[in-house]
Amino acid sequence: MKLTKDQLAQLYQQQTARQPHSACPATEELTQAAMGEMGEAERGRLADHLLGCRDCAGEYQLALSLQSWALTAAAELQPAAKTEAQLAPAPVPLRVVASEPKPGWSERLRGWFSLPALGYAMAVPLLLVSLALIGWIASLRRENAQLAEAARHNAQQASQNQLSADEAARRAQQSETQIADLRKNIEELSQPQINVPITDLMPRESSRGQGNDEVQRIDLPAGTNLFTVILNVTGQPNFADYALEVLDAQGQVVYQGRGLRKSAENTFTVALHQRLLPAGQYQFKLYGLNKGQRTLVQNYRVQLRAQ
Amino acid sequence: MSGKLSETETDSRFTAILEQYDQVLRQAVARFCPRDVGLQIDEIEQEVRIRLWRALKSEREIREPASYLYRIAATATIDAVRRVKARREDSLYFSSEEEEVEDDLRPLAANPDDSPDRIVEQQQTQQKIAAAMAQLPDNRRRAVGLYLEGLSSQEIGNLLGWTEAKARNLLYRGLSDLRDLLKAEGITYETD
């Protein structure tokens with residue numbers, strides 16, 4: 001036996017006609033279902049009834065078909081009602097079984113895009129969006145350039161800060177070294193100095209020979225830090241104060257000091273550190289100070305030699 | 001619609017709305033109640049008119065006019081259709097009883113489709129269709145049954161809370177299953 005689709009539907013519907021006194025759903029239930037206001041279980045029960053009751057199925061479709069009319073009527077009564085989306089689901093187009101097939105989604109999509117007005121309507125907002133995006137990208141690029149410059153500057157600053165920090169650390173290290181040396185010196189100097197050589201430096205006229213250039217030799221033993229010289233003077237007037245000036249072989253002043261006191265034996269005593277006066281030739285010039293005037297009292301030429 | 005409309009506004013708009021309603025109703029009844037072409041549509045229209053008129057004249061504020069109008073119109077329409085059908089069925093019932101008493105000799109069927117053999121064959125086919133439908137999974141059975149009752153896949157989806165694509169897919173698979181089951185029973189039918 002061969003059936004058409006319509007014949008199949010007809011045979012099916014013949015056995016689903018409403019029977020007298022059957023428990024058909026209330027009118028409100030059909031309306032609620034058409035408005036999408038039913039829960040899942042209720043929808044299932046109603047569907048089970050509709051597929052076995054031709055009359056209720058027709059009434060349900062009848063209810064659906066009134067949705068578009070209700071929207072139009074509400075809009076006519078009140079224009080604002082056009083925006084109401086209260087009727088859910090959306091109005092369903094009228095349909096009969098075995099009606100002409102609806103166009104497929106691709107055909108409908110092509111139809112939409114073939115409308116010139118739709119094309120223009122889409123082009124305008126796309127153009128605006130494109131312009132806005134271009135502006136945004138440009139501003140982002142500017143912002144990126146500024147950020148890159150700031151980052152470069154910060155990196156440079158950080159590099160300089162690092163150099164400064166390194167220099168400060170180096171200086172601190174140097175200072176610590178110096179402090180350590182000084183402490184060591186202080187410690188050394190605080191210790192008793194033994195075997196300190198004492199040398200009498202005689203005035204020129206009393207030394208051997210007559211030359212002014214006679215050099216007196218001082219031998220410093222190994223491990224000696226200090227040595228003492230006694231400056232002897234003769235036949236000189238007294239001054240209120242005395243000063244000593246030590247010059248190296250190149251004539252550079254190595255030491256200057258005042259406050260020397262002459263002893264009863266016409267001598268001046270000075271203790272010197274070997275670090276101040278390494279091995280070499282020096283001149284020890286003793287001056288008399290009186291009323292701002294400086295008078296050379298004696299000049300001693302010395303040769304220091306380390307042993 | 002908020003507030004009460006003026007008398008003139010209500011009258012003019014109401015007339016336009018009802019004209020549209022009449023058109024929609026006649027088309028819908030003709031399509032979805034084909035067995036009831038003899039329904040007295042004027043009677044249905046009159047009942048809905050009265051209920052709509054009362055609604056539009058009411059003093060209370062209506063915040064969702066589309067839903068409100070739809071609910072009233074749909075309910076009134078279905079109620080009216082059911083009442084008219086019930087009266088018609090009662091009338092047919094009584095008239096058929098009278099015919100049985102008065103007319104014992106029925107004329108032979110003029111249409112070959114109404115012959116006893118044909119009727120028996122149809123009944124057997126209907127039983128096979130019902131048996132095949134009962135074997136389908138629930139969702140496919142609902143989709144196929146509603147489809148055979150005349151609902152579109154969109155309407156099926158709306159009723160069951162499915163997307164149209166899901167309804168179409170279930171319908172396609174259900175019809176395919178049904179075709180296989182009926183084929184095993186010696187029944188074939190056309191498919192798309």
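Which residue in β1(B) is the bridge partner of A:Leu3? In this predicted model, the partner is B:Tyr189, and the pair belongs to a parallel arrangement in which two bridges join β1(A) to strand β1 of chain B, residues 188-189.

**Contact between the chains**

The contact draws 57 residues from chain A and 51 residues from chain B. On the side of chain A that touches chain B, the elements giving two or more residues are β1 (2-3), α1 (5-14), α2 (27-34), α3 (40-50), α4 (54-65) and α5 (67-77). Sorted by class, that side of chain A has 31 nonpolar, 15 polar and eleven charged residues.

**Chain B**

Chain B has seven helices and one strand, and its elements, read from the N terminus, follow the order α-α-α-α-α-α-α-β. Of the 192 residues in chain B, 32% are buried. Among the contacts in chain B with a separation of 6 or more, 60% are between residues 24 or more positions apart.

**A sheet in chain A**

Three strands of chain A form an open sheet with mixed pairing, in the order β2-β4-β7. Because β2 (198-201) and β7 (267-273) of chain A stand at the edges with a single partner strand each, one side of each is left without a neighbour in the sheet. From one strand to the next, the twist averages 25 degrees. Within this part of chain A, A:Asn232 has A:Thr267 in β7(A) as its bridge partner.

| Strands | Bridges | Direction |
|---|---|---|
| β1(A) and β1(B) | two bridges | parallel |
| β4(A) and β7(A) | seven bridges | antiparallel |

Note on methods:
Residues are numbered from 1 along each chain as its sequence is written. Chains are lettered from A and ligands numbered from 1 in the order in which they are written. This is a predicted model: local features need pLDDT of at least 70, side-chain atom pairs count only at pLDDT 80 or more; totals for chains, interfaces and linings use all residues. Two residues are in contact if their C-beta atoms, placed from the backbone, lie within 7 Å. Helices (H or I, at least four residues) and strands (E, at least two) are DSSP runs, numbered from the N terminus. Ala, Val, Leu, Ile, Met, Phe, Trp, Tyr, Cys and Pro count as nonpolar, Asp, Glu, Lys and Arg as charged, and the others, Gly among them, as polar. Two strands pair if DSSP finds at least two bridges between them. A residue is buried if 20 or more other C-beta atoms lie within 10 Å of its own, exposed if 12 or fewer, and partly exposed in between; C-beta atoms are placed from the backbone. Axes are lines fitted to C-alpha atoms, for helices over the stretch in contact, and angles run from 0 to 180 degrees between N-to-C directions.
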